[in-house]
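Hi everyone, thanks for coming. Today I'd like to walk you through one protein, so please have a look at it with me.

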Amino acid sequence: MAIAIRLEILLDGPRSGTEIVDPNVVVSQLDGTFSAGDEPLQLDWTLTEVARIVALSARLHGELRYACARCADPLTFPVSMDISHHWVPLGDLSVDDDETDDFERDPDVSEHDGVEIDIEPIVLECVVVEFPFAPACDVSAEGRCPTWTDEPRVIHPGGEAPVVLRKSPFAALAGLKLGPEAEG
């Protein structure tokens, strides 16, 4: 998903466009928590340029699928997020290293080379920051999900045998015992 836009299109004024975002690229950034939904992810964007500063105003919308982190029910996650970013000419962000650290720089401002900008990294960064790490049925609900049961639940994707994962690295710690010098 490369959304590279040549800056020459802004010579006659602001420009808008729509891009279909590859859900697999977005999903790969989210460590497998989400998968592609029925409605494609769509990015509606508008770019403007004033005094060589390029401003992006965009909206990402669509849907992704996920399994509730509490009860494992399959659910749909509606995506609707606003994205804004600014690009300044190359060299305008460069200052003496003694004056500022990378941590003090505005994350919503980047530099452009005067030829083109790439919106993809901005969209992916917003997705990683804004999407929940372990989404549940209802984030506001405390305790169990409404569909929770005490019956053991085994999920076999596609009806196949479950995949055996390697043991947790902490499983080895459970078998450790303190030595005689540590006792007492």
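Let me start with a question: what percentage of the 184 residues in the protein is buried? The answer is 26%, where buried means under 20% relative accessible area with a 1.4 Å probe, counting protein chains only.

A quick word on where this comes from. This is a predicted model, in which local features need pLDDT of at least 70 and side-chain atom pairs count only at pLDDT 80 or more, while totals for chains, interfaces and linings use all residues. Residues are numbered from 1 along each chain as its sequence is written, and side-chain values use heavy atoms, with hydrogens and water left out.

Now the layout. The protein has three helices and eight strands; these are DSSP runs numbered from the N terminus, with helices being H or I of at least four residues and strands being E of at least two. Along the sequence, the order is β-β-α-β-β-β-β-β-β-α-α. If we take contacts (heavy atoms within 4.5 Å) with a separation of 6 or more, 63% of them link residues 24 or more positions apart.

Next, the core. The largest nonpolar core has 32 residues. By a nonpolar core I mean a set of buried Ala, Val, Leu, Ile, Met, Phe, Trp, Tyr and Cys residues joined through side-chain atoms within 4.5 Å. Among the residues with the most contacts inside this core are Leu56, Ile83 and Phe131. Strand 5 gives the most to the core, with six residues. Setting aside residues up to four places away in sequence, Leu56 touches several others, including Trp45, Ile83, Trp87 and Ile122.

Finally, the largest pocket, with a volume of about 180 Å³. A pocket is found on a 1 Å grid over the protein atoms alone, as an open set of points where a 1.4 Å probe fits, with protein on both sides within 12 Å along at least five of seven lines; lining residues have an atom within 4 Å of a point. Helix 2 gives the most to this lining, with five residues. Ile122 is in the lining too, and so is Ile83.

How values were computed
Buried < 20%, exposed > 50% of the residue type's maximum accessible area, 1.4 Å probe, protein only. Points joined across faces, edges and corners; volume = space filled by probe spheres on them.
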